Amino acid sequence: VQLQAFGGGLVQTGGSLRLSCAAEGGSLNNYVMGWSRQAPGKKRAFVAVINRGGGDTAYADSVQGRFTISRDNAKNTVYLQMNSLEPEDTAIYYCAAASRYSSREQSYNYWGQGTQVTVSS
């Protein structure tokens, strides 16, 4: 399956963005989906995960309460709603697909190309 993330951009502190991840060549229904991010000079880090049905989610402590992951299997799309954005959220955001529910990067088999989010202070 090929994943494409989009929706990034430049936003001021306190603003919101919604990222989308669309799939081609396969159905997202078959996968656990996650978002990760890589800030400048840092390793890529887990942000959020959602199970196949959408009923279970988990978040990194740094985004808990501000970000919401969701999915629309009929549209073959996963979303990341990001509210109360902070400069520390500036990163390239990646969506990924896994066969198991996990926050570990090694569990994810398919990755999108990433979309840049920049939060200005």
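Which residues form one aromatic cluster? Y94, Y108 and W111 do.

## Basis

This is a predicted model, in which local features need pLDDT of at least 70, side-chain atom pairs count only at pLDDT 80 or more, and totals for chains, interfaces and linings use all residues. Residues are numbered from 1 along each chain as its sequence is written, and side-chain values use heavy atoms, with hydrogens and water left out.

## Aromatic pairs

Rings of Phe, Tyr and Trp (its six-membered ring) pair if their centres lie within 6.5 Å; planes under 30 degrees apart count as stacked, over 60 as edge-to-face and the rest as tilted. The count by this rule is 3 aromatic pairs. One of them joins Y31 and Y110 edge-to-face, at 5.7 Å centre to centre and 80° between the planes. Y31 lies in the loop between β3 (17-24) and β4 (32-38) and Y110 in strand β10 (residues 108-111), so the pair ties together parts that are 79 residues apart in sequence. The ring centres of Y108 and W111 are 6.0 Å apart with planes at 55°, so this pair is tilted.

Y108 is buried at 9% relative accessibility (buried means under 20% relative accessible area, exposed over 50%, partly exposed in between, with a 1.4 Å probe and protein chains only). W111 is partly exposed at 25%.

## A charge over two rings

A charge sits over a ring if NZ of Lys or CZ of Arg is within 6 Å of the ring centre and within 35 degrees of the ring normal. The charged end of R44 sits over the ring of Y94, 4.9 Å from its centre, and over the ring of W111, 3.7 Å from its centre.

Definitions and conventions. Helix = DSSP H or I, 4+ residues; strand = E, 2+ residues; numbered from the N terminus.
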